[in-house]
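Here is a short briefing on one protein model. Please keep the sequence and the 3D view open while reading.

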Amino acid sequence: GDRIRWGIVWSSVRMHKRLLNLLAFLRPDPASAICAPRCTESVLSASADGFSCGDRIRWVIANLGLPEAEACDQVGLEFLAVCGPCRPSAPAPSAIVPTGTFVAPPGGRSAGYCRSAGRSKYETAAWLGTRKGCEAECFARSACLAYEWGSAGGYTRCELHSEPVTHVAPAPGGGVHCLARTTATAPATPPSPAATATAVATAALT
């Protein structure tokens with residue numbers, strides 16, 4: 001009798017869990033409420049290896065039983081270039097603190113493709129739809145040494161380069177720019193008035 005009652009209770013628990021997972025899967029957008037602010041509708045609908053970021057998040061919630069935050073983080077890590085903004089730990093644009101500035105690579109020309117001495121290493125940030133956003137993302141990453149931004153016919157591309165850019169290759173169709181990062185140097189701190197007065201007095205005594 002106890003085993004039968006336990007079996008009934010366990011079956012009810014499993015059915016309840018499946019129902020909750022099904023409801024989570026059927027919700028139009030379970031991720032937007034808690035995923036990072038940059039996990040917008042365009043990111044959720046972006047294709048990540050054949051399935052949208054939103055569909056992948058819903059699948060993880062429904063089939064693996066993970067909370068939404070963990071599901072967003074898992075999908076964002078697995079498909080970083082497309083679903084990366086959905087990670088709750090991803091910095092929001094307001095949290096980005098710029099360090100350094102961007103200038104034309106060696107040669108003084110920025111129009112064209114970023115190229116390194118060896119094979120260029122970069123990540124494509126497909127969710128960034130503006131040049132300002134591409135630059136801000138490079139600012140936010142200490143490993144980003146340059147960014148390449150391209151825009152033509154409604155298509156945009158942002159590349160975040162982690163190798164020093166040595167030159168710029170011509171872009172036949174135009175619309176592509178490469179900017180290298182340079183670290184800002186803090187100005188030297190001037191001596192305090194007291195230190196200056198002490199130095200002058202010392203010099204007068206010698």
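**Aromatic cluster, sheet and loops**

Y147 has a relative accessible area of 0%, so the residue is buried. The model is predicted. Y147 forms one aromatic cluster with F102 and F139.

**Aromatic pairs**

- The structure holds two aromatic pairs.
- F102 and F139 have ring centres 4.8 Å apart and planes at 65°, so this pair is edge-to-face.
- F102 sits in strand β3 and F139 in helix α6, so the pair ties together parts that are 37 residues apart in sequence.
- Both F102 and F139 are buried.
- F102 and Y147 have ring centres 5.1 Å apart and planes at 80°, so this pair is edge-to-face.
- Y147 belongs to strand β6 and F102 to strand β3, so the pair ties together parts that are 45 residues apart in sequence.
- The relative accessibility of F102 is 12%; buried means under 20%, so F102 counts as buried.

**The sheet and its helix**

- Five strands make an open sheet, in the order β3-β9-β6-β7-β5. The pairing is antiparallel.
- β3 (101-103) and β5 are the edge strands. Each has a single partner strand, so one side of each is left without a neighbour in the sheet.
- On average, neighbouring strands of this sheet are turned by 25° against each other, direction ignored.
- Helix α6 (residues 131-140) packs on the sheet and touches β3, β6 (146-152), β7 (155-161) and β9. The direction of α6 makes about 165° with that of β6.
- β3 and β9 (residues 176-182) run antiparallel and are joined by three bridges.
- Opposite V103 stands A180 in β9.

**P105**

- P105 lies in the loop between β3 and β4.
- Its relative accessibility is 2%, so P105 counts as buried.
- Beyond its neighbours within four places in sequence, P105 is in contact with S110, V165, V168, C178 and A180.
- P105 and T166 are 61 residues apart along the chain, and their C-alpha atoms are separated by 6.7 Å.

**S120**

- S120 is placed in the loop between β4 (113-116) and β5 (122-124).
- The side chain of S120 reaches the backbone nitrogen of S116 at 3.4 Å.
- Leaving aside neighbours within four places in sequence, S120 is in contact with C114, R115 and H161.

Technical notes
Residues are numbered from 1 along each chain as its sequence is written. This is a predicted model: local features need pLDDT of at least 70, side-chain atom pairs count only at pLDDT 80 or more; totals for chains, interfaces and linings use all residues. Side-chain values use heavy atoms; hydrogens and water are left out. Helices (H or I, at least four residues) and strands (E, at least two) are DSSP runs, numbered from the N terminus. A polar contact is a pair of N or O atoms within 3.5 Å; within protein, one must be able to donate a hydrogen and the other to accept it, and residues adjacent in sequence count only if both atoms are side-chain atoms. Contact means heavy atoms within 4.5 Å. Two strands pair if DSSP finds at least two bridges between them. Axes are lines fitted to C-alpha atoms, for helices over the stretch in contact, and angles run from 0 to 180 degrees between N-to-C directions. Buried means under 20% relative accessible area, exposed over 50%, partly exposed in between (1.4 Å probe, protein chains only). Rings of Phe, Tyr and Trp (its six-membered ring) pair if their centres lie within 6.5 Å; planes under 30 degrees apart count as stacked, over 60 as edge-to-face and the rest as tilted.
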